[in-house]
Amino acid sequence: MSVVQPAIGIERSGAARSSLRLRIENNPFSWLVPVALMLGVFYLYPIIDVFRLAFTNATLLGRDEIYTTATFKALLGSPELPDILMTTLVFVAASVIGQQLFGLGIAVLVMRGERRKLKGMTALRTIVLIAWVIPGIANGLIWQMLFSEAPFGAINSVLRMMSIAPVAWLSDPTNAMISAVISNVWRGTAFSMIVFYAALKAIDATLYEAASVDGASSWQRFRHITLPQMRPAILVNSILITIQTLNTFDAIISLTGGGPGRATEVLSLFTFNAVFRNYDLAGGSVLSVLMLVISLVLALGYASMLPRREASE
């Protein structure tokens, strides 16, 4: 009797495992449960918590939280917010346009060089990619030294050698914004170049051959073949770099610190300052929600311009 009972237990255990395996195989969605749990814990929960904190008076000083809409009203009614949003708009628009233009130009240059089997195309791609792997803080420090108005500032030193008056790159509000855009474009161009280079590789070469037979010039081939074929890549790249630029604050904080005054204080830096300098966790959560809404609206706007056929693919 004592030998038979363990044998029955083992048999039942094996039958239970077989039944569980069959249920998993018959229901493929069960394979998605670990992924869903991971996404819920690491992505969905933080977003939900930010929304919760936005409706509180939470601070980093740890006082008791109470649920209120006063934080929303105070932040959205702040007289500083319109200027911050305008600064963000200028920074994001100029950065996105610059990254798209330089990325497309370098990708076209590399493609044409490879077709003509010119040397140095791999080195050119590598040089551009180096800027992409540099952390944002280091990027800001590099450009801070280049734009420095001290005697050791590299760009002003070159200008002096050319008998040109030094430029107040970081102390003038307009020049400070231009400096911040240049540093962000320098770092972000590599990503656009990669996206456009892949899109150029996918264009059917017979289209260019047919256009050449018809006598189309280089500009006509670029305008009527390259740009239409790259439209989905341009729009997708616009979505990605817009969201990336909207979240950029590390390069700005090390380059200008948001100054002079608040000339380069974008929304992401304003959010950082609200939480880590003013200890206003609820206010930072409200601004984070605002950034999320802006990103979603811009992404939906770009996505609506995608051709329906390509969007479904």
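Is lysine 117 buried or exposed? I looked this up in the predicted model. Lysine 117 counts as exposed, because its relative accessibility is 74% and the cut-off for exposed is over 50%.

**Backbone entries**

I checked the backbone of lysine 117 next. Its phi is near 55°, a positive value in a residue other than glycine. I place lysine 117 in the loop between α4 (81-115) and α5 (121-133).

I then turned to serine 163. Here too phi is positive, about 60°, and the residue is not a glycine. Serine 163 sits in the loop between α7 (154-161) and α8 (173-202). I read a relative accessible area of 71% for serine 163, so this residue is exposed.

Where is the cis peptide bond of proline 260? I found it running from glycine 259 to proline 260, with omega near 0°. Proline 260 belongs to the loop between α12 (250-255) and α13 (267-276).

I noted these entries for a reason: most residues other than glycine have a negative phi, and most peptide bonds are trans.

**Helix packing entry**

How do α2 and α14 pack? I looked at α2 (residues 33-54) against α14 (residues 281-304) and got an angle of about 125°, with the axes 7 Å apart. The two helices are therefore oblique to each other. Their crossing is left-handed.

Which residues meet there? From α2 I listed Ile47, Val50, Phe51, Leu53 and Ala54. From α14 I listed Leu281, Ala282, Ser285, Val286, Ser288, Val289 and Leu292. I sorted the residues of this contact into 10 nonpolar, two polar and no charged.

Note on methods
Residues are numbered from 1 along each chain as its sequence is written. This is a predicted model: local features need pLDDT of at least 70, side-chain atom pairs count only at pLDDT 80 or more; totals for chains, interfaces and linings use all residues. Side-chain values use heavy atoms; hydrogens and water are left out. Helices (H or I, at least four residues) and strands (E, at least two) are DSSP runs, numbered from the N terminus. Buried means under 20% relative accessible area, exposed over 50%, partly exposed in between (1.4 Å probe, protein chains only). Axes are lines fitted to C-alpha atoms, for helices over the stretch in contact, and angles run from 0 to 180 degrees between N-to-C directions. Angles under 35 degrees count as roughly parallel, over 145 as roughly antiparallel, 65 to 115 as roughly perpendicular and the rest as oblique. A crossing is left-handed if the near helix is turned anticlockwise from the far one by less than a right angle, and right-handed if clockwise. Contact means heavy atoms within 4.5 Å. Ala, Val, Leu, Ile, Met, Phe, Trp, Tyr, Cys and Pro count as nonpolar, Asp, Glu, Lys and Arg as charged, and the others, Gly among them, as polar.
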